[in-house]
Amino acid sequence: LLDCIARNPKICPYLDIPIQHIDTDVLRAMRRRSTEDSIRAMLKKIDASARRIVLRTTVIAGFPGESAAAAEKLCAFVAEGHFARLGAFAYSREEGTVAASYSGQIRRSEKETRRDAVMRAQQPVSAAFCASRIGQTEETLIERRLRDGLYEGRTRLEAPEIDGIV
């Protein structure tokens, strides 16, 4: 896929990779096949690709059994700056799911505190990404006219209805 993106300028250099967490124990509890090592190896391959690729991800804070250390590890990983865009969600217990029966359920207020900490860790990363685009000229898909001389759209680096607008 990376080679295909590198070779074809018609493919948007944007990937949404929902990693969910970085702590291997939390990932295992989530029944994810990825580990911290596999996520880091994937990111290294993307960084080494022939074309700059903008990354987005989503993570979950407060999954049952997530320790304070695992929550801090997630924040530290986010602050490393791998993802231009990131969505963080507080774990939501849903009846009928395996995780709903797990011990170690975390209080709602703590889940929200952890989610907010992840978003604070992401703020300077997103700000740096946006600042790097100032003064750049980019093709923009115009999606609607707001008024004479003012239009709204997105570049190849904004997913519709998820990311910001131009």
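The model is predicted. Across the whole structure, a search finds three aromatic pairs. In one of them, the ring centres of phenylalanine 63 and tyrosine 91 are 5.1 Å apart and the planes stand at 70°, so the pair is edge-to-face; the angle required for that class is over 60 degrees. Phenylalanine 63 belongs to the loop between β2 (54-61) and α4 (68-79), and tyrosine 91 to the loop between β3 (85-90) and α5 (108-133), so this pair ties together parts that are 28 residues apart in sequence. Phenylalanine 63 and tyrosine 91 are both buried.

Phenylalanine 63 also pairs with tyrosine 102: the ring centres are 6.0 Å apart and the planes are at 80°, so this pair is edge-to-face too. It links distant parts of the chain, with phenylalanine 63 in the loop between β2 and α4 and tyrosine 102 in the loop between β3 and α5, 39 residues apart. Phe63, Tyr91 and Tyr102 form one aromatic cluster.

| Residue | Relative accessible area | Class |
|---|---|---|
| Phenylalanine 63 | 6% | buried |
| Tyrosine 102 | 23% | partly exposed |
| Arginine 85 | 11% | buried |
| Arginine 145 | 51% | exposed |

The cut-offs matter for two of these rows: buried means under 20% and exposed means over 50%. At 23%, tyrosine 102 is therefore partly exposed, and at 51% arginine 145 counts as exposed.

In soluble globular proteins, nonpolar side chains tend to be buried together. In this chain the largest nonpolar core has 21 residues, and those with the most contacts inside it are Leu15, Ile19, Ile39, Leu55, Val59, Phe77 and Val118. Two or more residues of this core come from each of α3 (36-47), β2, α4, β3 and α5. The largest share, four residues, is that of α4.

Leucine 15 is one of the core residues with the most contacts. Leaving aside residues up to four places away in sequence, leucine 15 touches Leu1, Leu2, Ile5, Ile46, Ile53, Val54, Leu55 and Arg56.

**Strands and sheet**

An open sheet is formed by three strands in the order β1-β2-β3, with parallel pairing. At its edges stand β1 (14-16) and β3, each with a single partner strand, so one side of each is left without a neighbour in the sheet. From one strand to the next, the twist averages 15°. The parallel strands β1 and β2 are joined by three bridges. Helix α5 packs on the sheet, where it touches β2 and β3, and its direction makes about 170° with that of β3.

Arginine 85 is placed in strand β3 and is buried. Its contacts, not counting residues up to four places away in sequence, are Tyr14, Val54, Leu55, Arg56, Thr57, Gln122, Phe129, Arg133, Leu157, Glu158 and Asp163.

The remaining two strands pair with each other. Strand β4 (residues 141-147) and strand β5 (residues 150-154) run antiparallel and are joined by five bridges. They form a hairpin with two residues between them, and glycine 149 in the turn has a positive phi of about 80°. Arginine 147 has leucine 150, in β5, as its bridge partner. Arginine 145 is also in β4. Not counting residues up to four places away in sequence, it touches Leu150 and Tyr151.

**The chain as a whole**

The secondary structure amounts to five helices and five strands, which follow the pattern α-β-α-α-β-α-β-α-β-β along the sequence. Taken along the principal axes, the C-alpha atoms fill a box of roughly 55 × 40 × 30 Å. The chain has 166 residues, of which 38% count as buried. Among contacts with a separation of 6 or more, 70% are between residues 24 or more positions apart. The chain exposes about 10200 Å², and carbon and sulfur atoms supply 52% of that area.

Conventions. Residues numbered from 1 in each chain as written. Heavy atoms only, no water. Phe/Tyr/Trp six-rings, centres within 6.5 Å; stacked < 30°, edge-to-face > 60°. Buried < 20%, exposed > 50% of the residue type's maximum accessible area, 1.4 Å probe, protein only. Core = buried A, V, L, I, M, F, W, Y, C linked by side-chain atoms within 4.5 Å. Contact = heavy atoms within 4.5 Å. Pairing = 2+ DSSP bridges. Areas by Shrake-Rupley, 256 points an atom, 1.4 Å probe, with all protein chains shown as cover. Axes fitted to C-alpha atoms, helices over the stretch in contact; angles between N-to-C directions.
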